[in-house]
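Me: I am new to this structure and would like to learn how to read its features. Please take them one at a time.

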Amino acid sequence: MPSYRSLFRTPEFTPLFLGSAAQTAAQTVGGLALGTLVFRATGSPLLSAVSMFGPSLAQVLGATVLLSGADRLPPRTALSAIALAFAAGTAVQALPGLPVGAVFAVVLVLGLVASLGGGVRWGLLNEILPKDGYLPGRSLFNMMSGLAQIAGFGTGGILLAALSPRTCLLLSAALYLSAALTLRLGLTARPPRTTGRPSASATWRTNALLWSHRPRRLTYLGLWLPNGMVVGCESLYVSYAPHAAGTLFACGALGMFAGDLTVGRLLRPALRRRSAAPLLLLLAAPYLVFCVHPPLPVAVVCATLAPVGFAASLVQQERLMELTPGELAGQALGLHSSGMLTMQGVSAALAGSLAQLTSPAVAMTAMAAGSVCVTLTLATAVRGRPAPEPPGSGPAGPARPGLGSAGSPESAEAR
């Protein structure tokens, strides 16, 4: 397995890494500022949660009509255009006097734009790295995301104490703009991985093919459901502890960093393959403590420990790539990313609704319990006899397009 240092000697890896880091930092600063702005304006845990995670709700529409573009658009152009769109949208959200309804309209549009991002980015990463470099590459991206979130949420909390949320949104827009420039100037002009125009029908056909194989289908469900429910818990940090939400988010990012480092570099392959279910249980279990409405120090410990379990996605995405033909890698990873982000948005809305009716602590406990139940159910299903592979979609590693051979050797935006 290649070392982390060797990955930075791979052409195009460094600009893709730096551009993604700037986007993650922009998302954390901007998301915290927007959630705070909406909460101050409305006093609603539901609207605050949806404002932070609402773009994820639009992912389901993008995944059904736009996702074929992940393999059919030039990667450099697509990635830089997506970053520019987020810079413009975030700047619009900072306009004084913008109605809450207009804020959520922008959130929806940005979610549609983002539905292409995961597939294009991770498909390109799969293309520029050698076959055995994808797992450590995704591990490194996940750790970068953790560090960027620690810095972004920590800095965002400090900035919100000194500046207005709208000023923080403008800073976020500037970070998105720097990401667009880095990607445009640092990446080379590559052709699309697959011929043909992006279309809804092409998206549907490939999604149906990817979904038709039972082991792949169970892998997708494991990537989407337990993870999404726990993000529903995280979406209530602002309403649970309004003055310490940045601290809770930063501690969560620290835990995620530790988990990705452990799974990506320290676990042996045999142990790593068996670690998905235990990690998913770890992801949810600490939030069960919120049933007693713990004080802030205990909540910080829980918020740090639980995200270690997000590293399960590394194991699951490695499995997904083993089950997917190389020429479909971009859309397969895009379907994972869009589905997971959609579930995160749905879970944020559901958790916010429960918090409206009960309390943030009760809602967090309920979402965590649901995640545990789903994990145990899927673990039981995976042990069952797998269905035969459909014709034409046999297992393949993340082979580079055009190699034509099955090989063996991940994140959806950080989770």
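Reply: Start with burial: a residue counts as buried under 20% relative accessible area, as exposed over 50%, and as partly exposed in between. Keep in mind that this is a predicted model.

Me: By that scale, is Leu34 buried or exposed?

Reply: Leu34 has a relative accessible area of 4%, so this residue is buried. Leu34 belongs to helix α2, which covers residues 13-42.

Me: What does Leu34 touch, leaving aside residues up to four places away in sequence?

Reply: Contact means heavy atoms within 4.5 Å. With those sequence neighbours set aside, Leu34 touches Ser51, Gln93, Val103, Val107 and Leu169.

Me: How far apart are the C-alpha atoms of Leu34 and Arg273?

Reply: They are separated by 38 Å, and the two residues are 239 residues apart along the chain.

Me: Let us take another residue. Where is Ser48, and which residues does Ser48 touch?

Reply: Ser48 sits in helix α3, residues 45-53. Its relative accessibility is 1%, so Ser48 is buried as well. Not counting residues up to four places away in sequence, Ser48 touches Gly35, Val38, Phe39 and Val238.

Me: Next, cysteines. How many disulfides does the structure hold?

Reply: A disulfide is a pair of cysteine sulfur atoms within 2.5 Å. The structure holds zero of them.

Me: Now the surface. Which residues form the nonpolar patch?

Reply: A patch takes residues with over 30% relative accessible area and no salt bridge, and nonpolar side chains are joined within 5 Å. Here the patch consists of Val60, Leu61, Val65, Leu66 and Trp204, with about 440 Å² of accessible area together.

Me: Which helix gives the most to the nonpolar patch?

Reply: Helix α4, residues 59-65, gives the most, with three residues.

Me: Where does Leu66 lie?

Reply: Leu66 is in the loop between α4 and α5 (69-72). Its relative accessible area is 35%, so Leu66 is partly exposed.

Conventions
Residues are numbered from 1 along each chain as its sequence is written. This is a predicted model: local features need pLDDT of at least 70, side-chain atom pairs count only at pLDDT 80 or more; totals for chains, interfaces and linings use all residues. Side-chain values use heavy atoms; hydrogens and water are left out. Patches are made of residues with over 30% relative accessible area and no salt bridge: like charges are joined within 9 Å, nonpolar side chains (Val, Leu, Ile, Met, Phe, Trp, Tyr) within 5 Å. Accessible areas come from the Shrake-Rupley method with a 1.4 Å probe; for residues, only the protein chains shown count as cover. A salt bridge is a side-chain nitrogen of Lys or Arg within 4 Å of a carboxyl oxygen of Asp or Glu. Helices (H or I, at least four residues) and strands (E, at least two) are DSSP runs, numbered from the N terminus. Buried means under 20% relative accessible area, exposed over 50%, partly exposed in between (1.4 Å probe, protein chains only).
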